[in-house]
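Work through these exercises with the model open. Try each task before reading its solution.

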Amino acid sequence: MTSDAHWMQRALELARRAAELGEVPVGAVLVRDEVIIGEGWNCPIASHDPTAHAEIQALRAAGHQVGNYRLPGSRLYVTLEPCVMCAGAIIHARVSAVMYGASDPKAGACGSVFTVLPSDHRFNHHTACQGGLLSTECAELLRGFFRARRARSTSLETN
């Protein structure tokens, strides 16, 4: 297994944790020098915080871990294409590269809807971005979560 696939597998584990908690299953791992410096999973519902996306959680954890809000030389592995909010935070944190699994056709900021990443010449910092890493597994986790949620909602309506 390549190191990219290894780190995305860890992000998938974190996404499953989010699903177990009733959150949209997205996980993120921030790595520098082949060591995890931050990780997170979606938790905006439980935390009552609209900014508590997996990527933001990982960035916050890494900032605390390394004692700096700048994270140059780091790579972020996330199971779903980052949104505009997360893409902006990734650029401000000076993350070097983002690898994501599933594309987000409703809110993706890496080319699906918006193109914030890869960052362009107008930003001080340039973050590379690549999608499709373990995309089948990442997408199926999301599809299964929403399928189950719809089934629960339908069964509640019929009772």
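**Exercise 1.** Which residue lies over the face of Trp41?

Solution. The model is predicted: local features need pLDDT of at least 70, side-chain atom pairs count only at pLDDT 80 or more, and totals for chains, interfaces and linings use all residues. Residues are numbered from 1 along each chain as its sequence is written, and side-chain values use heavy atoms, with hydrogens and water left out. Start from the rule: a charge sits over a ring if NZ of Lys or CZ of Arg is within 6 Å of the ring centre and within 35 degrees of the ring normal. Now apply it. Arg17 lies over the face of Trp41, at 4.4 Å from the ring centre.

**Exercise 2.** Find the aromatic pair and classify it.

Solution. Rings of Phe, Tyr and Trp (its six-membered ring) pair if their centres lie within 6.5 Å. Planes under 30 degrees apart count as stacked, over 60 as edge-to-face and the rest as tilted. The structure holds one such pair. The ring centres of Phe145 and Phe146 are 5.2 Å apart and the planes stand at 80 degrees, so the pair is edge-to-face.

Next, check burial. Buried means under 20% relative accessible area, exposed over 50%, partly exposed in between (1.4 Å probe, protein chains only). Phe145 has 10% and is buried. Phe146 has 31% and is partly exposed. In the chain, 42% of the 159 residues count as buried.

**Exercise 3.** In what order do the strands of the sheet lie?

Solution. First list the elements. Helices (H or I, at least four residues) and strands (E, at least two) are DSSP runs, numbered from the N terminus.

Then pair the strands; two strands pair if DSSP finds at least two bridges between them. The five strands form an open, mixed sheet in the order 2-1-3-4-5. Strand 2 (35-41) and strand 5 (128-130) stand at the edges with a single partner each, so one side of each has no neighbour in the sheet.

Strand 4 (residues 97-102) pairs with strand 5 in the parallel sense over three bridges. Val98 stands opposite Cys129 in strand 5.
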